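Me: Hi! Could you walk through this one with me? I'd like to go site by site.

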Amino acid sequence: MADIYDVAIIGAGVIGSAIARKLSSYNLKTALLEKECDVSFGVSKANSGIIHGGFHHDSATLKSRLEVKGNLMFDQLKDELHFPFNRCGILVAAFSGDEMRTVEKLYQNGLGNKAIGIELCNHERMISLEPKLNRDVVGGLYAPGGGIIEPYRFVFSLVESAKKNGVEVLTKFEVAESEEKNDCYILKSADGRSLKAKWVVNAAGLYSDEISRIFGAESFTITPRKGEEFLLDRNATAYTSKVIFPAPSHVSKGMLVIPTAEGTTMVGPTAQMVDDKQDASTSKANFQAIFSSARRLVPAVSERDIITSFTGLRPTMEGDDFYIEASKIKPRFIQVAGIQSPGLTAAPAIADYVKDILKVEGLALSEKPDFDPYIEDVPRFRNSSKEELDALIAENPAYGEVICRCENISEAEIVAAVRQGHDTLDGVKFYTRAMMGRCQGGFCTHKIMKIICRETGKSMDELTKRGGGSWLVHKKVGDYALEDRA
Amino acid sequence: MKTIEKDVLVIGGGSAGMAAAAEIRERNHSVAIVERDNILGGILNQCIHNGFGLHRFKEELTGPEYAERYAEIIEASDMEVFTGTTVTEIEKRDEGKTVYAYSARHGMLVFQVKAVVLAMGCRERNRGNIGTPGTRPAGVYTAGLAQRLVNMEGLMPGSKCVIVGSGDIGLIMARRMSWVGADVKAVVEIQPYPAGLTRNIVQCLNDFNIPLHLSHVVSKIHGKDRVEGIDITPLRDGIEVTEETFHIECDTLLLSVGLIPDNEIARKAGIDINRETNGPLVDSSLMTSVEGIFACGNVLHVHDLVDYVSEESHRCGAFVSDYLEHQSETKQFKMVSGSNLKYVIPNQFRADRDNHFYMRSLIVRNHAELVLTLDGKELGRKKLRHIQPSEMISFTLKEKDLDKAALDDNSTLEISLVG
Ligand SMILES: Cc1cc2nc3c(=O)[nH]c(=O)nc-3n(C[C@H](O)[C@H](O)[C@H](O)COP(=O)(O)OP(=O)(O)OC[C@H]3O[C@@H](n4cnc5c(N)ncnc54)[C@H](O)[C@@H]3O)c2cc1C
Ligand SMILES: Cc1cc2nc3c(=O)[nH]c(=O)nc-3n(C[C@H](O)[C@H](O)[C@H](O)COP(=O)(O)OP(=O)(O)OC[C@H]3O[C@@H](n4cnc5c(N)ncnc54)[C@H](O)[C@@H]3O)c2cc1C
């Protein structure tokens, strides 16, 4: 345990990753620690992917201020990090006078937050902005600055950029214990590894309460608020040009119709408090609630188009705001907790905010002259023109091998994912979109498994869906039968 | 980039594509096959059980053997076959079509052809399509993918499994998994009757003492990383009887819950799709709504027997040849499905030749009759022995049985099932 890190960031979700990238622009030795086998396998992989429009909360809340600031940072980030991002705009649809009054409150929030271009709309304006809306809409709100991103791809890019600029990423490092010695923290992982860091940033999402406890810092409780969402086929006629919200209730933003950054339609999420931080289950009752509520917004939404569903857990805490502060109990320990929605939107602004806190608390920050904000853009088969493809294949024949037929993902993209360290099926899936289309991997899973084995030297029975005990196949057919008979 | 000119391009080199191409070549038109896999044969390659070819070759063959019969015909001809090559787009031109395909070996290929045969087969319905609640662990596979892993890659997808769906693919996988040493705990079927052939129930389940739960659904999947078990709930009058839910411990769930014709490139080319079959709407010559594009095999509608696929595809090849020889511009009349039928294919007929129809029943009966009416007047009947939705019915309307004088421009032929 020779080296001492200046900063150890716990949790490689969008928050920890954005902070890591930010700190990689300074002369610091930084470690990003993640308990899962890949980054972005926590809350940041299962959400709505919306870059919020700055009207849901008033400017008194920290989350609102960081949302508005974060939103404005995405154009430059996309330019540097090449993740799918589309500033498609957001509509909030009202179906009654009461709902319209709620929408007017949102409008006031938006004005207070200085959300760009926000406007109130009548029925006609709503329909002309989105012809697929239910004709019963009486009016609503339009926030042209809102947008959508592919969230995991955003995290992968942040991490890649951070790594490129010197951050060390340690996966399967579950922080289980900590000790303080000579102005340093010694962080111990569940599997017996340890490292030293002068500063610690707690960005552990759902588990930030546990981390705080492990370090003897503030005591608080993170309660998961579960959200189920359904993904619809690329061909679904429900695909809108903008994100469609209902008028919110006092508990949640409601269930939406989302045109994802990659051209599919998503409906959801639900909002339900649960006890279990690992509760990723979906239920039948929610299914019905989601579809009837989505159809009220966009009648073309149909169960027929479902390709898959998933669940995400929002890490909420008392007060319902972000909790981003230097610990008052422990020195050099920064809490970044309670990052529920709009955490994704706010992430880049949170990173700046945390950097400022570190500075105020005494961490010396000097800019790295050779910081390179750009990462390499891996061309995608599906986004390339015929001429570009012809040239790509000439240079790298693996671009001619279409592995995922539903999403048109080439072998070259899968190889790029594995070489970036995404060597589980889910890792490849989130990096490339392979297996995310309508057949859900029925045709290409075995091909992808072979590519992972070839690139990593692993054997088939070592491969997993997402690390841990999520094995895919065991043993060869013959071995199994023989052993079993013996 | 390489440009290739042919009369016809066949997309997909499974049993449908091979039969259509063989027929077209036999009739002296130039034809090429594009197949995304590295070998011809399609889904047959992974069906190593026997039971193929009883109708066509009067022999019981395995899937690969059946495929081999056709692959030999193709290889013996001078036809160009592009394996490891994927078609992504069909473009209509004033004269003919342009088809774009990609492969590691050939780079981008541009085919300029007069006609196209769609023979891309189908894909499997999956967990999302049936909306099974529960967690999302590893170990939930479609039966076809599991079949591929076991039979072609030599890998065990798990050791304790439950199978959802009692169609032939599910049944055959129940036996296959038992043979390779897995413990197959149950087959769960939502319908009150098995979907597969009786012989498969006997040979694949009864012989291995595998319980079949009819009128049951998988109501929940358990397990965080890997499947740890499932809940099974009986249905009464279509409603889940939750109090009677029981649990089975297993590490693998195989889904055999139906197939869907794979029509992505057809849709993109603007071809009209039949909502019942998910395949293209076709006329009596198996031509889709886009002139010069034909379809046969599982991409047109899901077949249970490869023999029918071959039969239909040979016919398709003949129709394509007629089209190239400008012989198909005869008047066509409307064909519709009536009572108790899910669909009939094709949706048009001609009066100047025999017409072959394939259809699926909506009902289960031990005795039934097919009734044919022309503009409300009964034309004929055919007795059927056993019918059920999972078994395709075929029917030939002989040219001589049609009264041509009775036909006018708006004539409609209707086929129905009476139980
Ligand atoms: C259904 C849903 C929809 C949402 N929609 C939106 C939206 O549209 N727009 C928006 O802006 N926001 C949205 N959000 C909120 C957003 O997803 C979250 O705010 C954000 O992803 C939180 O990121 P995070 O990095 O804090 O958490 P996480 O991504 O969970 O990251 C924390 C990481 O810490 C790791 N970790 C935990 N414990 C340890 C340990 N002991 N040692 C090491 N590592 C550890 C975890 O494995 C995890 O990877 C949504 C959330 C949900 C659930
Ligand atoms: C799992 C399974 C088990 C079966 N078991 C039996 C049985 O026991 N007995 C029996 O008689 N019948 C059985 N059948 C039915 C019968 O074998 C099939 O219906 C028949 O083989 C289908 O032939 P096809 O050519 O239409 O489709 P496929 O065999 O699926 O061929 C389609 C081909 O097109 C290729 N392709 C698709 N898209 C593209 C593209 N864009 N570019 C290039 N190539 C493309 C595919 O790679 C594939 O090779 C079974 C079917 C399945 C799916």
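Me: Let's start in chain B. Which side chain does the side chain of B:Thr233 make a polar contact with?

Reply: With that of B:Thr245, at 2.9 Å. Keep in mind that this is a predicted model.

Me: Okay. And where does B:Thr233 lie, and is B:Thr233 buried or exposed?

Reply: B:Thr233 lies in strand β16 of chain B, residues 229-236. B:Thr233 has a relative accessible area of 1%, and because buried means under 20%, B:Thr233 counts as buried.

Me: What else is B:Thr233 in contact with, leaving aside neighbours within four places in sequence?

Reply: The contacts include B:Ser215, B:His216, B:Val217 and B:Ser219, along with B:Glu240, B:Val241 and B:Thr242. B:Thr245 is in contact with B:Thr233 too.

Me: B:Ser215, then. What is phi there?

Reply: Phi is near 55° for B:Ser215, a positive value in a residue other than glycine. B:Ser215 sits in the loop between β14 (212-213) and β15 (216-222) of chain B.

Me: And what about phi of B:Asp375?

Reply: Phi of B:Asp375 is positive, about 50°, although B:Asp375 is not a glycine. You'll find B:Asp375 in the loop between β26 (368-374) and β27 of chain B. B:Asp375 counts as partly exposed, at 39% relative accessibility.

Me: What is the strand order in the open sheet of five strands in chain B?

Reply: The order is β24-β22-β29-β26-β27, with mixed pairing. At the edges stand β24 (348-350) and β27 (377-384); each has a single partner strand, so one side of each is left without a neighbour in the sheet. On average, neighbouring strands of this sheet are turned by 25° against each other, direction ignored.

Me: How many bridges join β22 to β29 in chain B?

Reply: Four, and the two strands run parallel. β22 covers residues 332-337 and β29 covers residues 412-418. B:Met335 stands opposite B:Leu413 in β29(B).

Me: Switching to cis peptides: which residues does a cis bond join in chain B, and which in chain A?

Reply: In chain B, B:Ile345 and B:Pro346 are joined by one, with omega about -5°. B:Pro346 is in the loop between β23 (341-345) and β24 of chain B. In chain A, a cis bond joins A:Gly268 and A:Pro269, where omega is also about -5°. A:Pro269 lies in the loop between β16 (265-268) and β17 (272-273) of chain A.

Me: Now the ligands. How many residues surround ligand 1, and which come closest?

Reply: There are 40, and the closest are A:Glu34, A:Ser44, A:Ile50, A:Ile339 and A:Thr345. A polar backbone atom of A:Ile50 is 2.8 Å from a nitrogen atom of ligand 1. A polar side-chain atom of A:His52 lies 3.3 Å from a nitrogen atom of ligand 1.

Me: And which chains surround ligand 2?

Reply: Residues from chains A and B do, so the site is shared between chains. Among the nearest residues are B:Ser15, B:Glu35 and B:Asn298. A polar side-chain atom of B:Asn298 lies 2.8 Å from an oxygen atom of ligand 2, and a polar backbone atom of B:Asp304 is 3.1 Å from a nitrogen atom of ligand 2.

Me: Last topic: which residues have the most contacts inside the largest nonpolar core?

Reply: A:Ile324, A:Val336 and A:Ile350, in a core of 70 residues. Its largest share, nine residues, comes from helix α9 (residues 343-360) of chain A. A second, separate core of 64 residues includes B:Leu40, B:Tyr70, B:Val87 and B:Val113.

How values were computed:
Residues are numbered from 1 along each chain as its sequence is written. Chains are lettered from A and ligands numbered from 1 in the order in which they are written. This is a predicted model: local features need pLDDT of at least 70, side-chain atom pairs count only at pLDDT 80 or more; totals for chains, interfaces and linings use all residues. Side-chain values use heavy atoms; hydrogens and water are left out. Buried means under 20% relative accessible area, exposed over 50%, partly exposed in between (1.4 Å probe, protein chains only). A polar contact is a pair of N or O atoms within 3.5 Å; within protein, one must be able to donate a hydrogen and the other to accept it, and residues adjacent in sequence count only if both atoms are side-chain atoms. Contact means heavy atoms within 4.5 Å. A nonpolar core is a set of buried Ala, Val, Leu, Ile, Met, Phe, Trp, Tyr and Cys residues joined through side-chain atoms within 4.5 Å. Two strands pair if DSSP finds at least two bridges between them. Axes are lines fitted to C-alpha atoms, for helices over the stretch in contact, and angles run from 0 to 180 degrees between N-to-C directions. A residue is near a molecule or strand if one of its heavy atoms lies within 4 Å of it.
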